Amino acid sequence: MIKKKITATLFASMFLFPCLSVNAESGGNTHSILQTTKSTALQQVLTSFGDIAIKIPADNKETNSIVMLYDNQCKYCNEFLMNIPTLSSNGITVYVMPFLNHGAYTPESKSMYLAWSTSKPLTSLLSKQFPSQPDPKIAERIFEFTKYAQNQLNVTKTPYLLLENGEFIDGLVSPYNLITYLKSAS
């Protein structure tokens with residue numbers, strides 16, 4: 001009875017804390033499949049989908065880089081976006097990736113397709129100046145990236161940050177807390 005209860009608790013905790021699993025018999029920690037997959041996620045995203053990334057470089061010497069999955073309908077994404085200058089001035093390069101959090105074929109997603117079809121997507125979003133039609137190749141790449149993020153990275157909400165050390169943050173984080181964390185992790 002106790003062994004079943006421990007197994008059920010450990011199984012449930014894997015969903016709450018997916019980056020670590022525990023071997024109850026030996027007491028040792030083992031990396032989960034999810035952590036192994038995510039440990040190279042930042043580099044895989046930039047290698048496979050860098051053509052749709054918006055790079056906001058560090059102002060001075062780069063100390064870290066992060067990838068932000070962004071949905072323009074997400075108020076927390078927009079709040080985080082406004083704090084990127086603070087990150088940049090602290091040596092952090094930010095790559096902004098379009099993520100269709102509201103579905104691929106919704107009116108909310110149309111502005112993402114249209115904005116990324118311009119040479120300056122974030123400016124286009126802020127000014128609400130879009131082309132009349134999206135670039136079909138860009139739209140397809142955004143769709144592919146969204147499916148990749150959902151299926152391979154298990155992204156369900158935004159903002160979602162991929163860190164160089166393989167960790168991730170889903171949800172809004174203070175830029176100052178992120179800077180402190182990144183400095184302590186390196």
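Is D51 buried or exposed? D51 is exposed, with a relative accessible area of 51% (buried is under 20%, exposed over 50%, partly exposed in between, using a 1.4 Å probe and protein chains only). Keep in mind that this is a predicted model, where local features need pLDDT of at least 70, side-chain atom pairs count only at pLDDT 80 or more, and totals for chains, interfaces and linings use all residues. Residues are numbered from 1 along each chain as its sequence is written, and side-chain values use heavy atoms, leaving out hydrogens and water.

**Salt bridges**
- The count is two salt bridges, each being a side-chain nitrogen of Lys or Arg within 4 Å of a carboxyl oxygen of Asp or Glu.
- D51 pairs with R141 at 2.8 Å, N to O; D51 sits in the loop between α3 (41–49) and β3 (54–56), and R141 is 90 residues away in helix α8.
- R141 also bridges to E144, with the closest N and O atoms 2.9 Å apart; these two are three residues apart in α8, about one turn of the helix.
- E144 is partly exposed at 29% relative accessible area.
- Put together, D51, R141 and E144 form a salt-bridge network.

- Helices (H or I, at least four residues) and strands (E, at least two) are DSSP runs, numbered from the N terminus.
- The T158 to P159 peptide bond is cis, with omega near -5 degrees, and P159 falls in the loop between α8 (136–152) and β6 (160–163).
- N154 lies in the loop between α8 and β6 and has a positive phi near 60 degrees without being a glycine.
- K128, also not a glycine, has a positive phi of about 55 degrees; K128 is exposed, at 64% relative accessible area.
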